[in-house]
Amino acid sequence: AALLEALDRNLVGLKKDPDSVYFTALRRWTSEELPGEVPLWLSVAGGAALAVALFAVLGMLGLNRLVNAKTRELRALVHQLGAAGRQWRATFNAVQDAIWVLDDKGTILYANQATERLFAQDHEKVAGFPCWEVAHHRHEPLDDCPLSIARETLRRSTATVASDDRRLRITVDPIRDDEGRLTGFVHLVSDVTERIRAEEELEHY
């Protein structure tokens, strides 16, 4: 405590004397000016930071343009695919014969609207059922089922079968991938009842 009191008294005395060491040091410290030249390392660091910021801005602008271009391309592609899909469905449903796309087991994947006219069933609800259940109301394929023959031969198979009071012409084409493996079938059903009746009538004359 005595030491601190002595230091305080000494400091008070220095402050009373304008020519004391205290005021000399204070004037020197407050009168010093900052150096006029910026250090080299600071100039280099500032330039590098500015360059990095500039490249970042340019990069963001370039990336933004690229994203916008890809977005436009994607929208155009989606539009084209949508148009192609609508055209495909319109063509698929315009055919008067019942067309079914089957998997390799004979289960219906897609059916056109003619299914409703030929079999009185919603074409969107037959998906998931075996073709023989929808076409013949059976729990197993016909003995001479063209689907079974097409599966064995990997070739088109055609047969005319009786269904109630109608005669149906069934044509099955196998679908194969690029390596030749069977992936499904295209199953087409035509009602040929009237044509066969007309042919039979002509035979009687």
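The exercises below concern a predicted model, in which local features need pLDDT of at least 70, side-chain atom pairs count only at pLDDT 80 or more, and totals for chains, interfaces and linings use all residues. Residues are numbered from 1 along each chain as its sequence is written, and side-chain values use heavy atoms, with hydrogens and water left out.

**Exercise 1.** Describe the largest nonpolar core and the place of Leu147 in it.

Solution. 
Step 1. A nonpolar core is a set of buried Ala, Val, Leu, Ile, Met, Phe, Trp, Tyr and Cys residues joined through side-chain atoms within 4.5 Å.
Step 2. The largest such core has 23 residues, and those with the most contacts inside it include Cys131 and Leu147.
Step 3. The largest share of this core, four residues, comes from α5; helices (H or I, at least four residues) and strands (E, at least two) are DSSP runs, numbered from the N terminus.
Step 4. Not counting residues up to four places away in sequence, Leu147 touches Leu102, Gly106, Cys131, Trp132, Val172 and Phe185, where contact means heavy atoms within 4.5 Å.

**Exercise 2.** State which residues line the largest cavity and how they divide by class.

Solution. 
Step 1. On a 1 Å grid over the protein atoms alone, a cavity is a set of points where a 1.4 Å probe fits but cannot get out, and lining residues have an atom within 4 Å of a point.
Step 2. The lining consists of Cys131, Trp132, Ala135, His136, Cys145, Pro146, Leu147, Ile170, Val172 and His187.
Step 3. Helix α5 gives the most to this lining, with four residues.
Step 4. Ala, Val, Leu, Ile, Met, Phe, Trp, Tyr, Cys and Pro count as nonpolar, Asp, Glu, Lys and Arg as charged, and the others, Gly among them, as polar. The lining accordingly has eight nonpolar, two polar and no charged residues.

Definitions and conventions
Buried < 20%, exposed > 50% of the residue type's maximum accessible area, 1.4 Å probe, protein only. 1 Å grid on protein atoms, 1.4 Å probe; cavity = no way out; pocket = protein on both sides within 12 Å on 5 of 7 lines; lining within 4 Å.
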